[in-house]
Amino acid sequence: MGRLELRVAVRGQRSVAVHQYHQGALRVLRPHYLDGSGQVCYVMVNPGGAYLGADLYLVDVEVGDGADLLLTTQSATKVYRTPGSFAEQRMDLRLGEGARLELMPDQLIAYREASYRQRTSVTVRPSSSLVMAEVVTPGWSPDGAGFRYQEIRLRNEIRVETDEGTDLLVLDNLLIRPPAGDVTGLGFMEGYSHLGSLVVVDARVDQALADELHALTAGHHALAGVSLTRPAAGTTGLVLRALSNSTGELNFLLAGCTNLLRERWQGQGPLNLRKH
């Protein structure tokens with residue numbers, strides 16, 4: 001089991017952690033700043049190296065009013081065989097007024113006979129800005145075939161909080177269960193093996209932005225689509241889904257979309273996490 005708590009607030013001209021707690025197989029590295037914007041970057045680490053059966057990881061992150069956090073992982077999340085029970089991660093994220101969170105983990109790799117469930121619950125204010133990326137890829141198997149894992153469940157639930165209460169904005173539920181049937185064909189993975197997702201919640205999201213991001217995907221070896229949510233409390237959600245046969249291609253595609261938002265909304269340069 002691993003537990004991580006992180007709270008970020010504004011101090012002077014920068015965002016800093018005002019609370020950190022870790023227990024078991026989760027922790028964060030020391031903070032760093034990639035540019036002069038004041039955005040703080042934290043890297044989550046699993047010293048165990050992989051998720052195994054019956055593992056449970058709890059992540060609780062709060063970004064205070066006006067604070068700015070970039071949260072990533074040290075390396076890919078690897079899920080190995082999970083006999084007897086699935087591995088699970090539960091993440092709770094809360095963003096204050098004017099807060100911003102970029103959640104940019106490395107890819108999730110599910111190996112042979114792996115079963116993994118991930119639930120991400122997010123609460124934002126109308127003026128918050130959220131960008132979350134995810135890439136899912138099947139891991140190596142002895143016979144070289146893909147989709148040897150048992151199950152992947154990814155659930156994102158995003159609510160907008162106002163003084164009058166909360167309103168559901170996004171409910172994004174993804175289930176891939178290869179043993180239950182052919183997931184490679186039409187209407188599912190369309191012949192592809194890798195899945196990429198980008199979720200954006202911001203008051204500046206609109207149909208013109210959705211069209212622009214969709215046009216941006218045209219230059220990649222991927223099949224992509226973009227959907228908008230209904231507005232709630234003055235903000236809107238956007239979900240981009242892309243299929244490909246390459247982790248690198250999906251990372252490149254999602255980075256291109258993210259960098260467009262960073263430059264347009266924040267005046268920041270392209271994201272460079274300097275992991276290599």
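**Close-up views of a predicted model**

**View 1. The loop that holds A54.** A54 is located in the loop that links strand 4 (40-45) and strand 5 (56-63); strands (E, at least two residues) and helices (H or I, at least four) are DSSP runs, numbered from the N terminus. The model is predicted, so local features need pLDDT of at least 70 and side-chain atom pairs count only at pLDDT 80 or more, while totals for chains, interfaces and linings use all residues. Residues are numbered from 1 along each chain as its sequence is written, and side-chain values use heavy atoms, with hydrogens and water left out. Although A54 is not glycine, its phi is positive, near 75°. A54 counts as exposed because its relative accessibility is 54%; exposed means over 50% relative accessible area, buried under 20%, and partly exposed in between (1.4 Å probe, protein chains only).

**View 2. The loop that holds E113.** E113 lies between strand 10 (108-110) and strand 11 (115-124), in a loop. Its phi is positive, about 65°, though E113 is not a glycine. With a relative accessible area of 32%, E113 is partly exposed.

**View 3. Helix 2 and its ends.** Helix 2 covers residues 247-266. The 20 residues of helix 2 should span 28 Å at 1.5 Å a residue, and its end C-alpha atoms, 27 Å apart, agree with this; the expected span is 1.5 Å times one less than the number of residues. Just after the helix, G267 has a positive phi of about 70°. Buried residues of helix 2 include L250, L253, L254 and W265. Among the elements that cover the buried residues are helix 1 (207-217) and strand 17 (236-244).

View 4. Leaving out residues up to four places away in sequence, E249 touches H220, H221 and S244, contact being heavy atoms within 4.5 Å.
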